[in-house]
Amino acid sequence: MNERNNRNEMSIRFDSYSANEGFARVAVAAFLADLDPTLDELADVKTAVSEAVTNSIIHGYENRIGKIYLTCAKEKKQIQIEVVDYGKGIEDVPKAKEPFYTTRPELERSGMGFAFMEAFMDDVEVDSAPGQGTTVRMVKQFGTGA
């Protein structure tokens, strides 16, 4: 088995400051660079990570600072990304995933975060419980031409 087929993982933890959203995007982009993604694939992953992290910052922790955990695993031509917060959680995940739905309209949020994640990634799963936090798992296969 060559190095390209081995599983490789990374994990980072950072505070839920909005400035760290950009850090998360760059960290994931750097981690997946050796998979040789197209510019469109790279933009898709960066956007999905940005949306997941922003949701943790804006909705999960609201007006307080908490920890966000970002884990990535790559194997062959696929990346798996997990974004976890231990914030307020989501009461109704299917409702939260509806386009244009937002719990923070006063912040002029578009309510498109989950819709973007689902559009740009091959698979998105959301596990959440009120008062316990949220886990977003995303998968992207590279080189499929999609």
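**Reading the labels in this predicted model**

User: Why is Ser56 called buried?

Analyst: Ser56 has a relative accessible area of 3%. Buried means under 20%. The value is under that cut-off, so Ser56 counts as buried. The model is predicted.

User: Where is Ser56, and what does Ser56 touch?

Analyst: Ser56 sits in helix 2. Leaving out residues up to four places away in sequence, Ser56 touches Tyr61, Ile68, Val83 and Asp85.

User: What makes the link between the side chains of Ser56 and Asp85 a polar contact?

Analyst: The two side chains are joined at 2.8 Å. A polar contact needs a pair of N or O atoms within 3.5 Å, one able to donate a hydrogen and the other to accept it. The pair is therefore listed as a polar contact.

User: Val83 is touched by Ser56. What is the bridge partner of Val83 in strand 5?

Analyst: The partner is Val136.

User: How do you know that strand 3 and strand 5 pair?

Analyst: Eight bridges join strand 3 to strand 5. Pairing takes at least two bridges, so these strands pair. They run antiparallel.

User: What is the strand order of the sheet?

Analyst: The order is 1-2-3-5-4, in an open sheet of five strands with antiparallel pairing. What makes strand 1 and strand 4 (123-129) edge strands is that each pairs on one side only. Neighbouring strands are turned by 10° against each other on average, direction ignored.

User: Which helices lie across strands of the sheet?

Analyst: Helix 1 lies across strand 1, strand 2 and strand 3, at about 170° to strand 1. Helix 4 (residues 113-120) lies across strand 4 and strand 5, at about 25° to strand 5.

User: How do you know that the span of helix 1 agrees with its number of residues?

Analyst: Helix 1 (residues 20-32) has 13 residues. At 1.5 Å a residue, they should span 18 Å. The end C-alpha atoms are 19 Å apart, which agrees. Buried residues of helix 1 include Ala24, Val28 and Phe31. The helix's buried residues pack against strand 1 (8-15), helix 2, strand 2 and strand 3.

User: Why is Glu62 called partly exposed?

Analyst: Glu62 has 35% relative accessibility. Glu62 lies in the loop between helix 2 (39-60) and strand 2 (67-75).

User: What is the phi of Glu62, and what is that of Lys76?

Analyst: Phi is about 45° for Glu62 and near 55° for Lys76. Both values are positive, and neither residue is a glycine. Most residues other than glycine have a negative phi.

Notes: Residues numbered from 1 in each chain as written. Predicted model: local features only at pLDDT ≥ 70, side-chain atom pairs only at ≥ 80, totals over all residues. Heavy atoms only, no water. Helix = DSSP H or I, 4+ residues; strand = E, 2+ residues; numbered from the N terminus. Buried < 20%, exposed > 50% of the residue type's maximum accessible area, 1.4 Å probe, protein only. Expected span 1.5 Å × (residues − 1). Contact = heavy atoms within 4.5 Å. Axes fitted to C-alpha atoms, helices over the stretch in contact; angles between N-to-C directions.
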